[in-house]
Amino acid sequence: MNSLYSWQSGSWQYFQGLRDRLPHAFLLYGPQGIGKTRFAEEMAQSLLCETPDSAGHACQQCASCGWFNQYSHPDYRRVRPELLDEEEAAAQDVEADSSTKSAKASKTPSKEIVIHQIRALSDFMNISTHRQGRRVIVLYPAEALNIPAANALLKSLEEPAKDTVFILVCHSIDKLLPTILSRCHKFPMSLPEHALALDWLKQQGVADADVWLAQQGGAPLAAMEMAQSETRDAMQDFLNHIAQPGSDMALKLADKMQKMDIPTTIAWMQRWLYDLFSYKQSARIRYYPRYEKEIAGLALRVNIDRLMQMIKANNERQAIATHPLSPKLFLEDMLLEYAAAFA
């Protein structure tokens, strides 16, 4: 039994068409929140399974599938930032032993994929596979590779080990080195059709599914996560404030939001500005239809050139949002610029 989402059947058929001449490296790319990582792991298990079914899905019965499901397959490696391991452990309420706890206390988990993680693959790729089959490496998100790690990975992609398949997952293909792009088989994955995504969310019991789906740009997994997130109230408060711009709003809101995840806050503003631009140009709203009245009023008040400048400035802010020197000042700068556009 496969664990794919309903909208991924076409992508799976495409993958099956490549199995006779299997590339040594795949690059799965597309919007965040559509299930690319689950798809990559389904691919990996299928490639390692000893008796896949007629559709190419893993049998879930053989020894290989058993090892894979326990994350103990000797021919499989998963490479991702340490921070994701921390978050998964916290979500599963896994208790670390005392030695692990002391190690974690001494340093902050990295948000990047670093060079020692890539170098650790060398021994794995240079020994024989467990059952003379394939070995598979899933790496995500690929844009988290720092420069030394990306260069080390490039060497493995240029001279792939025999029977080794890399599966890279990426949300932003433009953030990868061109040399990595050129050595991978590009595998695009798109947003599901709106009706299909909406039906899936309703099956999961998500209230106001259409609102959350719109706010996340049509990505159903991101919509469900946001609908269940503790930050949903903070986002609502943020939108209520920027719907009524003013200098007092900017300073008060920056003070309230400084402890939030800054890239997330910038993303909320980016979507709001996109809707302002879209409404001004075509009277359409993509992300925040619930705020149509407010957006329509603001669109009449803002100059199109000023709006374009803000969009560009926020794109630049997003590029450095993970390391602001002062979160409060960073947000004040953004919000004061926004408020001034409507003064």
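Predicted model: local features only at pLDDT ≥ 70, side-chain atom pairs only at ≥ 80, totals over all residues.
Local features need pLDDT of at least 70 and side-chain atom pairs pLDDT 80 or more, while totals for chains, interfaces and linings use all residues. Residues are numbered from 1 along each chain as its sequence is written, and side-chain values use heavy atoms, without hydrogens and water.

The protein chain holds 18 helices and five strands (DSSP runs, numbered from the N terminus: helices H or I, at least four residues; strands E, at least two). Its radius of gyration is 23 Å, close to the 20 Å of the globule rule for 343 residues, so the chain is as compact as a globular protein of that length. The radius is taken over C-alpha atoms, and the rule is 2.2 Å times the number of residues to the power 0.38. The C-alpha trace spans about 70 × 45 × 40 Å along its principal axes.

Of the 343 residues, 45% are buried (under 20% relative accessible area, 1.4 Å probe, protein chains only). The largest nonpolar core has 76 residues. Such a core is a set of buried Ala, Val, Leu, Ile, Met, Phe, Trp, Tyr and Cys residues joined through side-chain atoms within 4.5 Å. I167, F238, I242, W272, L276 and Y338 touch the most other members. Helix α15 gives the largest share, seven residues. A second, separate core of 26 residues includes I118, L145, F166 and C170.

In α16 (residues 292–301), I295, A296, L298 and A299 are buried. The buried residues of this helix pack against α13 (232–242), α15 (262–282) and α18 (327–340). Beyond its neighbours within four places in sequence, L276 is in contact (heavy atoms within 4.5 Å) with I295, L298, A299, L307, Y338 and F342.

Notes. Buried < 20%, exposed > 50% of the residue type's maximum accessible area, 1.4 Å probe, protein only.
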